[in-house]
Every structure is written in C-alpha cells, then in structure tokens.
Amino acid sequence: MEELRSTEILDREILEDARKKAFKILKTADDTVKAAAARWEKKIKRAATDIEKKYAGRLEKTRIEVMARLPLDKRRARSEKIEAMLRDAAAKTFAGFSREKLLAIVEDELRLRLDFCREEGELENALKADSSPEFFYLNMDEDEAQAIFGKLLGKAYAPAKPGKIALKKANTTGSNNTFPLMGINSRTLRITASIEDAAETLLQDKRAEMLEALLAGEGKDD
C-alpha cells in the first residue's frame, strides 16, 4: 500500500510539473505573439503616418500647381473662345457675300500665289508638260474655274486643246468646305486658293478691328 501511495504521489508530481511546463510554454508563446502583434501594429501605424504625410505633401504640391496654372488656363480658355468667335464672325461674313464676290476673292488669292511663284521663277517649270500639272477646283462650276485659270495663266500655259484647260474636281472626302476653291498641283509645285485662305489673311490683318467690334476692346491683348 505504501508503494502504491508513493507511485500516486510521483504521478501527481510529474503531471503537475508537466502542467507547469506546458503553461509556461503557452504563456511564452502568447507573450511572443502579443509582442509580435504590437511590433506590427507600430509598423503599420508608422507606415500609415508616412503615407498620410507623403499624400498630404503631394496634395499640397498639386494644389499649388493647380492654383499657379489656373490664371494661365483661364487666359487660354478665354483666348480660345475669342479665336472661335473671330473665326465664326469671319465665316458669317463670307457666307453673306454674293457668288460673284466669292469668286473674285478666290481669283485674287490665286493671282497673289501665281505672281509670287512667277517672281521666284517656279511657275514656268511647274506648268511644263513634263511636270504633269493638274488644275483642280471645288464648289464652283467648271466654266467659272476655266474662266479664272484662263485669265490668270494667259500664255504661261498652253493646254493640249487650245482655249481649254483640262480641269479636275478636287476630292471632297472628309471636308466640310462649302466655299469655292481652286489650285494647281504639279511635280514641282502645289498652289491652293480658297475662301479659307482669304479668311485667315483677314484674321491676321484685321484682328484688332474685329476684336474691337466683337468685344469693345476687351480682347485686343489676347
């Protein structure tokens, strides 16, 4: 009996010792996990703080850039609006002209270009047969184009058929142009005369006057 009691006591001591060791191991593991979690929480908070500071810095930099660019953007938008108004005004002006006046404008534009090319010594070569000159027109009758070409070219170009220049209707693909247009295309030279060219010249030469009329002087510096 004495031996049995001794064995029971020993078993209890072994179990108690094992329980204490297990508790100690579990506590150590729990402490390790808590410590690791605390470290990760600090890292996360630090990273979040860094991100917030970095984002705040970028946000402030962007705000400063936007505020600095705002006056320029406003000025650009105003200039674009004014430019659109000028071009619309020019288009409406030409749209109100008679057919005869539009043809006269195109003729003048073509004359200016032909005279320039003639002075530069380029026109004669461009009109030679080996340069394969093509005479094109758009938004006008062939007879109208024939009359203008004949008047401006005179003896500078001798067509295959006397008194008749071979004309070609210009390609209108992707174009919204409704005004008369004409020109010459050869291997050495391309000349185009149109109402758009005249309108561009008008915008350049008469911009101040047009701005004065449209904006009462407010946009002359744009």
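**Overall fold**

The structure is a predicted model. Its chain contains six helices and four strands. Along the sequence these elements follow the order α-α-α-β-α-β-β-β-α-α. The chain has 222 residues, of which 25% count as buried. Its accessible surface amounts to about 16,200 Å², and carbon and sulfur atoms contribute 56% of that area. Among contacts with a separation of 6 or more, 74% are between residues 24 or more positions apart.

**Helix 4**

Helix 4 consists of twelve residues, 142-153.

Several residues of helix 4 are buried: Glu144, Ala145, Gln146, Ile148, Phe149, Leu152 and Leu153. An α-helix has 3.6 residues a turn, so residues three or four places apart point the same way. The cover over the buried residues of helix 4 includes helix 2 (99-119) together with strand 1 (134-138), strand 2 (167-169) and strand 3 (181-185). Gly154 follows helix 4 and has a positive phi, near 55°.

**The hairpin of strands 3 and 4**

Strand 3 and strand 4 form a hairpin, with four residues between them. The two strands run antiparallel and are joined by five bridges, strand 4 comprising residues 190-194. Within this pairing, Met182 stands opposite Ala193 of strand 4.

Most residues other than glycine have a negative phi. Ser132 is not a glycine, yet its phi is positive, at about 50°. Asn139 likewise has a positive phi, of about 55°, without being a glycine. Ser132 lies in the loop between helix 3 (123-126) and strand 1, while Asn139 belongs to the loop between strand 1 and helix 4. The table sets out the values for these two residues.

| Residue | Phi | Relative accessible area |
|---|---|---|
| Ser132 | about 50° | 37% |
| Asn139 | about 55° | 25% |

Buried means under 20% relative accessible area and exposed over 50%, with partly exposed in between. Ser132, at 37%, is therefore partly exposed. Asn139, at 25%, also counts as partly exposed.

Notes
Residues are numbered from 1 along each chain as its sequence is written. This is a predicted model: local features need pLDDT of at least 70, side-chain atom pairs count only at pLDDT 80 or more; totals for chains, interfaces and linings use all residues. Side-chain values use heavy atoms; hydrogens and water are left out. The expected span of a helix is 1.5 Å times one less than its number of residues. Buried means under 20% relative accessible area, exposed over 50%, partly exposed in between (1.4 Å probe, protein chains only). Contact means heavy atoms within 4.5 Å. Two strands pair if DSSP finds at least two bridges between them. Accessible areas come from the Shrake-Rupley method with a 1.4 Å probe; for residues, only the protein chains shown count as cover.
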